[in-house]
Amino acid sequence: PVTCVSWDDAKAYVGWLGKKTGKDYRLPSEGEWEYAARARTATARYWGASADDGCGYANAADQTVKQQYSGWTVANCRDGHVHTAPVGSFRANGFGLHDTLGNVWEWTQDCWNESYSGAPTDGTAWTSGDCSRRVLRGGSWSNDPRNVRSAIRSGFWTTGRNYIIGFRISRTHP
């Protein structure tokens, strides 16, 4: 996956892609992201409740990582990747999407808000709050497995880059 990209970088890319293709690309809203990651499931993860069952589905801290980072809390399984894994290395969710949980945190369009109080209920991006930070979803390879779940979220500065942050894009259909 692409890593070390800021929210500003991701926005610049979707702008460039839209001009290049004539299509409307964008970062997903937080609501769209979660809907896509859950793939109509109600459990903490699209494969079920247990983080220890995740090695076939997501790249999170596991026994492979523990070989290099001995003090970490890890899942009781091995996915074979210490750091990021190639895109599509794990089973897709029920919508056919790969890597929605783990591997790298993914930028969304939404401004950061501590809670969902006052959030849009129609799936659109929340464009008020602390817009100098944006919402990241999904967790990464370095996360404690209990935190690699569909509801995990974090806020990060729009100019910040990190080796555990990437993005996914959406396309608006007419």
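How many bridges join β2 to β5, and do these strands run parallel or antiparallel? In this predicted model, 3 bridges join the two strands, and β2 and β5 run parallel. Both strands belong to an open sheet of 4 strands, in which the order is β4-β3-β2-β5 and the pairing is mixed. The edges of the sheet are formed by β4 (153–157) and β5 (165–167), each of which pairs on one side only. On average, and with direction ignored, neighbouring strands of the sheet are turned by 50° against each other. Within the sheet, Trp 105 is placed opposite Ile 165, a residue of β5. Helix α1, which comprises residues 7–21, packs on the sheet and touches β2, β3 and β5. The direction of α1 makes an angle of about 95° with that of β2.

The cysteines were examined next. The model contains 2 disulfides. When the bonded cysteines of the chain are numbered in sequence order, the pairing reads 1-2, 3-4.

The link of Cys 55 and Cys 77 is right-handed, with 75° about the S-S bond. Residues under 20% relative accessible area are counted as buried. Cys 55 has a relative accessible area of 13% and is therefore buried. Cys 77 is likewise buried, because its relative accessible area is 15%.

The other disulfide is formed by Cys 111 and Cys 131, whose sulfur atoms are 1.9 Å apart. Cys 111 lies in strand β2 and Cys 131 in strand β3 (residues 130–137), so the pair ties together parts that are 20 residues apart in sequence. The torsion about the S-S bond of Cys 111 and Cys 131 is about 90°, and the disulfide is therefore right-handed. Cys 111 is buried, with a relative accessible area of 1%, whereas Cys 131 is partly exposed, with a value of 30%. A further cysteine, Cys 4, has a relative accessibility of 39% and so counts as partly exposed.

Two residues of the backbone deserve mention. Ala 39, in the loop between α2 and α3, has a phi near 50°, a positive value in a residue other than glycine. The relative accessibility of Ala 39 is 10%, so Ala 39 counts as buried. Asp 99 is placed in the loop between α3 and β2. The phi of Asp 99 is near 60°, which is again a positive value in a residue other than glycine. With a relative accessibility of 8%, Asp 99 counts as buried.

How values were computed
Residues are numbered from 1 along each chain as its sequence is written. This is a predicted model: local features need pLDDT of at least 70, side-chain atom pairs count only at pLDDT 80 or more; totals for chains, interfaces and linings use all residues. Side-chain values use heavy atoms; hydrogens and water are left out. A disulfide is a pair of cysteine sulfur atoms within 2.5 Å. Buried means under 20% relative accessible area, exposed over 50%, partly exposed in between (1.4 Å probe, protein chains only). Two strands pair if DSSP finds at least two bridges between them. Axes are lines fitted to C-alpha atoms, for helices over the stretch in contact, and angles run from 0 to 180 degrees between N-to-C directions. Contact means heavy atoms within 4.5 Å.
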